[in-house]
Amino acid sequence: MTTYKDAGVNIEEGYKAVNLIKGLARETFDSNVITDIGSFGSMYLLNIGSSEYILVSGTDGVGTKLKIAFYLDKHDTVGIDCVAMCVNDILCHGATPLFFLDYIACGKLSSSKVASIVKGIVEGCKMAGCSLVGGETAEMPGFYKDNEYDLAGFAVGIVEKQKAVYGKDVTTGDVLIGLASSGVHSNGYSLVRRIFGIDDDPKVLGKVYEELGVSLGEELLRPTMIYVKPVLKVLEKVKVKGIAHITGGGFFENIPRAFPKGYSAVIERGSWEVPAIFKLIQEHGKVEEKEMFSTFNMGIGMVLIVSKEDVNLTLKILEQEGIKAWVIGTIQKGEDGVVLR
């Protein structure tokens, strides 16, 4: 059986690092800091006249999905991934993205390659309805290979304090609505590369699998879905109690971040369409089911938690916005976090 740890990613050590960082970061907090380290987005209270708003910020990168872009020499979509990873996180608190900044570090600067990357970033910003206001490009010879680069981003959004989503009101009987992902999105690629032997033989990316209908490379470079506009439409008419962006750590790490301790998300297997790529990964790598749900989004890129009476309206709005969505589970009392049933 192949695990994420076998591929060089130690999730448990990552958890330990976050816990160590929390204490250090708290030393800098002032009274306007609302969230602790570890929330989907960082929340900072603003007092503007008689109104209270919260700035919500998030930062992230594309990860080793970039390796696929290097092998295929295709760089115009990873910028969408970079924007998505940031704006989807701040959306979890109900924030409307305002602006975005990028950071591109490379071994040898290629103006055409940078322009291609930024083209994707611009496309992502348009999808999210935010402005690309600046960024930084760093040429670091000897640190990165000449044909490689790293890409990260930073987004800031805003939400009225009384409309912010915290997850604190989630309770027994609330319903989890899963929003379809576009595929692997931007996490788990170290495991994917190991399973398919991509680093040993990049030519495998050109192989067309019948179940995918496209080459492996095309499937793996499919951009991360940006959920901002559809979810903001839902938030206009529905009191969404909790939102989870399903990224690194899969279901087990991310869904519990959207509700208080003392509750569990009971997930019904088979209640949504699992894209073929995940079945291919599992079969090819002989990956156990729990490991799949701990590493990948399994076809669900975002989860909204709403009251039973709001389910139909939520599904209707998402359908109108062109987003596939399903009821995938319920909230129950318990300390198990996520239960697959």
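Visitor: Which side chain does the side chain of His-75 make a polar contact with at 2.9 Å, over at Tyr-149 or elsewhere?
Guide: Keep in mind this is a predicted model. The His-75 side chain has a polar contact with the side chain of Tyr-149, at 2.9 Å. There's also one with the side chain of Asp-73, again listed at 2.9 Å.

Visitor: OK, and where does His-75 lie?
Guide: In the loop between α2 (65-72) and α3 (78-91).

Visitor: Is His-75 buried or exposed?
Guide: Buried: its relative accessible area is 6%, and the cut-off for buried is under 20%.

Visitor: What does His-75 touch, leaving out residues up to four places away in sequence?
Guide: Ala-69, Phe-70, Lys-113, Ser-116, Ile-117 and Tyr-149.

Visitor: Back to Asp-73, then. Is that one buried or exposed?
Guide: Asp-73 counts as exposed, at 55% relative accessibility. Asp-73 sits in the loop between α2 and α3. Its phi is positive, about 50°, although Asp-73 is not a glycine.

Visitor: Switching topic: what about the phi of Lys-286?
Guide: That's a positive value too, near 50°, in a residue other than glycine. You'll find Lys-286 in the loop between α9 and α10 (289-295). With 57% relative accessibility, Lys-286 counts as exposed.

Visitor: Now helices. At what angle do α5 and α9 pack?
Guide: About 55°, with the axes 9 Å apart; α5 covers residues 189-196 and α9 covers residues 276-285. The two are therefore oblique to each other. Their crossing is left-handed.

Visitor: And which residues in α5 and α9 meet?
Guide: From α5 you have Val-192, Ile-195 and Phe-196, and these meet Leu-280, Ile-281, His-284 and Gly-285 in α9. By type, the contact residues of α5 and α9 split into 5 nonpolar, 2 polar and no charged.

Visitor: One last spot. Where is Gly-173?
Guide: Gly-173 is in the loop between β5 (149-160) and β6 (175-180). Gly-173 is partly exposed, with a relative accessible area of 24%.

Visitor: How many residues apart in sequence are Gly-173 and Lys-308?
Guide: They're 135 residues apart in sequence, and 7.2 Å apart in space, C-alpha to C-alpha. Gly-173 touches Lys-308 and also Ile-331, not counting residues up to four places away in sequence.

Note on methods: Residues are numbered from 1 along each chain as its sequence is written. This is a predicted model: local features need pLDDT of at least 70, side-chain atom pairs count only at pLDDT 80 or more; totals for chains, interfaces and linings use all residues. Side-chain values use heavy atoms; hydrogens and water are left out. Axes are lines fitted to C-alpha atoms, for helices over the stretch in contact, and angles run from 0 to 180 degrees between N-to-C directions. Helices (H or I, at least four residues) and strands (E, at least two) are DSSP runs, numbered from the N terminus. Angles under 35 degrees count as roughly parallel, over 145 as roughly antiparallel, 65 to 115 as roughly perpendicular and the rest as oblique. A crossing is left-handed if the near helix is turned anticlockwise from the far one by less than a right angle, and right-handed if clockwise. Contact means heavy atoms within 4.5 Å. Ala, Val, Leu, Ile, Met, Phe, Trp, Tyr, Cys and Pro count as nonpolar, Asp, Glu, Lys and Arg as charged, and the others, Gly among them, as polar. Buried means under 20% relative accessible area, exposed over 50%, partly exposed in between (1.4 Å probe, protein chains only). A polar contact is a pair of N or O atoms within 3.5 Å; within protein, one must be able to donate a hydrogen and the other to accept it, and residues adjacent in sequence count only if both atoms are side-chain atoms.
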